[in-house]
Amino acid sequence: MLSQFQAVGRDLFTQGLVSSNSGNLSIRLGDRLVITRRGCRLGCLQEQDLIETGVDKNDRHTPLASTELAVHRAIYRETSALAIVHAHPPHAVALSLTETEIVPGDAEGLSMVGRVPVIGWHMEVKPGGLADIIAQTLKEHRIIMVHGHGNFAIGQLLEEAYNATTTLEESCQVLCLLKSLQVNAGRK
Ligand SMILES: [Zn+2]
């Protein structure tokens, strides 16, 4: 299990999809979940960075869990997800500041992540916030963006949620390039 977390955490970090201490990962095991520790570094996860606690019930490990625990719990309660990736992919975050929905322009992105809703416009978002609305929206989508913050992606495996994250970021990179080409064309 540690090796799955390490592989995804390292890839997110080396691809610039999380900064040194941002982002979080979890998997569900029945009525328990394993989530990355509050403030840990996803790029170099160790055994002690994985915190096991209840999907519903608190225990002595709960305070050690990621600050986004409330969102992960709500997602597991509302969806059939068994894994969650939360990251801060920069091009997707940029578009989340200007769009209410991100629609990939490339065929692969569109078929894999579909139309991606941006949640949390005109709301103050704190860590762990918007849990219910994020969970409800993930009933219909495999990935969503939180306005000006980052993505939550779900899957049966961490790898799947990671793939949705990188696919969305690649599509957003293309969308941003396209926007800058259009701006430059307008200047000529
Ligand atoms: Zn975040």
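Predicted model: local features only at pLDDT ≥ 70, side-chain atom pairs only at ≥ 80, totals over all residues.

1. The largest nonpolar core comprises 52 residues. Those with the most contacts inside this core are I75, I84, V85, I134, L158 and A161. Helix α6, residues 158–187, gives the most to the core, with seven residues. In soluble globular proteins, nonpolar side chains tend to be buried together.

2. Leaving aside residues up to four places away in sequence, I75 touches A81, I84, I134, A135, L138, F152 and I154. Two of these partners also face each other in the sheet: I84 has I154 in β8 as its bridge partner.

3. As to overall composition, the protein chain contains six helices and eight strands. Their order along the sequence is α-β-β-β-α-β-α-β-α-β-α-β-β-α. The radius of gyration is 16 Å, close to the 16 Å that the globule rule gives for 188 residues, so the chain is as compact as a globular protein of that length. Along its principal axes, the C-alpha trace spans about 60 × 30 × 30 Å.

4. Two figures summarise the packing of the chain. Of its 188 residues, 43% count as buried. Among contacts with a separation of 6 or more, 65% are between residues 24 or more positions apart.

5. The eight strands form an open sheet with mixed pairing, in the order β3-β2-β1-β4-β8-β7-β6-β5. Its edge strands are β3 (50–54) and β5 (101–102), each of which pairs on one side only. Helix α1 (residues 2–14) packs on the sheet and touches β1 (24–29), β2 (32–36), β3 and β4 (83–87). The direction of α1 makes about 155 degrees with that of β1. Strands of a sheet pair through backbone hydrogen bonds, either parallel or antiparallel.

6. β1 and β2 are antiparallel and share four bridges, with V34 in β2 as the bridge partner of I27. These two strands form a hairpin with two residues between them, and G30 in the turn has a positive phi of about 65 degrees. β2 is in turn joined to β3 by five bridges, again in the antiparallel sense; here L33 stands opposite T53 in β3.

7. Is strand β8 enclosed or open to the outside? Six of the six residues of β8 (residues 150–155) are buried, so the strand is largely enclosed by the rest of the structure. On one hand, β8 is joined to β4 by five bridges, and the two strands run antiparallel. On the other, β8 pairs with β7 in the antiparallel sense over four bridges, and N151 is the bridge partner of M145. β7 and β8 form a hairpin with three residues between them, where G148 in the turn has a positive phi of about 65 degrees.

8. Strand β6 (residues 116–119) and strand β7 (residues 143–146) run parallel and are joined by two bridges. V118 stands opposite M145 in β7, and M145 also has a bridge partner in β8, namely N151.

9. Two packed helices are described by the angle between their axes and the distance between the axes. For α1 and α6, the angle is about 10 degrees and the axes are 10 Å apart. Angles under 35 degrees count as roughly parallel, so α1 is roughly parallel to α6. The contact is made by Q4, F5, V8, D11 and L12 of α1 together with L158, E159 and Y162 of α6. L158 is also among the residues with the most contacts inside the largest nonpolar core.

10. L110 lies in helix α4 (residues 107–113) and counts as partly exposed because it has 15 C-beta neighbours inside 10 Å. L110 and L168 are 58 residues apart in sequence, yet 8.8 Å apart in space, C-alpha to C-alpha. W121 is located in the loop between β6 and α5 (131–137); with 13 C-beta neighbours inside 10 Å, W121 counts as partly exposed. Apart from residues up to four places away in sequence, W121 touches T100 and H147. W121 and T100 are 21 residues apart in sequence and 7.7 Å apart in space, C-alpha to C-alpha.

Notes: Residues numbered from 1 in each chain as written. Rg over C-alpha atoms; globule rule 2.2 N^0.38 Å. Buried ≥ 20, exposed ≤ 12 C-beta atoms within 10 Å, placed from the backbone. Contact = placed C-beta atoms within 7 Å. Pairing = 2+ DSSP bridges. Axes fitted to C-alpha atoms, helices over the stretch in contact; angles between N-to-C directions. Core = buried A, V, L, I, M, F, W, Y, C linked by C-beta atoms within 7 Å. Parallel < 35°, antiparallel > 145°, perpendicular 65-115°, else oblique.
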